[in-house]
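Here's a quick briefing to read alongside the model. Have the sequence and the 3D view open as you go.

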Amino acid sequence: HESKYKEKPIRDWAYRSIVAARTIAAGKIITSKDICTKRPGNGILSAEYESVLGKKALKDIERNTALSWKDLVEKKILVFTGSRGEWGYLRPILEK
């Protein structure tokens with residue numbers, strides 16, 4: 001168990017976090033232009049990059065700040081889905 005605690009600082013440095021590449025205003029939908037990855041891995045890990053795209057910022061996020069899941073919310077669009085009078089959610093199409 002002790003080795004696990006010794007490795008954590010090394011693991012945090014080795015992994016990358018998703019970071020605001022520029023200031024992100026509250027309410028903005030996150031795109032690839034808004035984020036980048038940097039060390040250390042003390043925020044959302046870079047492996048979650050695709051999951052962050054399309055989320056909405058809950059608050060202003062300053063440039064070079066590691067993103068946290070509590071800073072983001074899923075952006076969903078309610079749409080009428082068809083002939084049976086059903087409603088559903090559609091994830092927005094993101095800019096490339």
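Lys 55 forms a salt bridge with Glu 74, with 2.7 Å between the closest N and O atoms; the term covers a side-chain nitrogen of Lys or Arg within 4 Å of a carboxyl oxygen of Asp or Glu. The pair links distant parts of the chain, 19 residues apart: Lys 55 sits in strand E3 (residues 55-57) and Glu 74 in strand E4 (residues 72-74). Glu 74, at 31% relative accessibility, is partly exposed.

Before going further, note that this is a predicted model: local features need pLDDT of at least 70, side-chain atom pairs count only at pLDDT 80 or more, and totals for chains, interfaces and linings use all residues. Residues are numbered from 1 along each chain as its sequence is written, and side-chain values use heavy atoms, with hydrogens and water left out.

**Other salt bridges**

- Side chains of opposite charge can pair when their charged atoms come close.
- The structure has 4 salt bridges in total.
- Lys 28 and Asp 34 pair up through their side chains, at 2.8 Å from N to O.
- Asp 34 is buried, at 0% relative accessibility, while Lys 28 is partly exposed at 28%.
- Arg 22 joins in too: Arg 22, Lys 28 and Asp 34 are linked in a network of salt bridges.

**Around Asp 71**

- Asp 71 makes a salt bridge with Lys 59, at 3.5 Å from N to O.
- Both partners lie in the loop between E3 and E4, 12 residues apart, and the pair links distant parts of the chain.
- Is Asp 71 buried or exposed? Asp 71 counts as buried because its relative accessibility is 6%, whereas Lys 59 is partly exposed at 43%.
- Leaving aside neighbours within four places in sequence, Asp 71 is in contact (heavy atoms within 4.5 Å) with Lys 56, Ala 57, Leu 58, Lys 59, Ile 61 and Ala 66.

**Overall layout**

- The protein has 2 helices and 6 strands; these are DSSP runs (helices H or I, at least four residues; strands E, at least two), numbered from the N terminus.
- Reading from the N terminus, the elements go α-β-β-α-β-β-β-β.
- Of the 96 residues, 23% are buried.
- The exposed surface comes to about 6900 Å², with carbon and sulfur atoms supplying 54% of it; areas come from the Shrake-Rupley method with a 1.4 Å probe, and for residues only the protein chains shown count as cover.
- Take the contacts between residues at least 6 apart in sequence: 51% of them join residues at least 24 apart.

**The nonpolar core**

- In soluble globular proteins, nonpolar side chains tend to be buried together.
- The largest nonpolar core here has 12 residues, among them Ile 18, Ala 20, Ile 35, Val 52, Ile 61, Leu 67 and Leu 72; such a core is a set of buried Ala, Val, Leu, Ile, Met, Phe, Trp, Tyr and Cys residues joined through side-chain atoms within 4.5 Å.
- Beyond its neighbours within four places in sequence, Leu 67 has contacts that include Val 19, Gly 43 and Ile 44.

**An exposed loop residue**

- Ala 47 is in the loop between strand E2 (35-38) and helix H2 (49-52).
- Ala 47 counts as exposed, at 71% relative accessibility.
- The C-alpha atoms of Ala 47 and Ile 18 are separated by 8.9 Å, with the two residues 29 apart along the chain.

Conventions:
Buried < 20%, exposed > 50% of the residue type's maximum accessible area, 1.4 Å probe, protein only.
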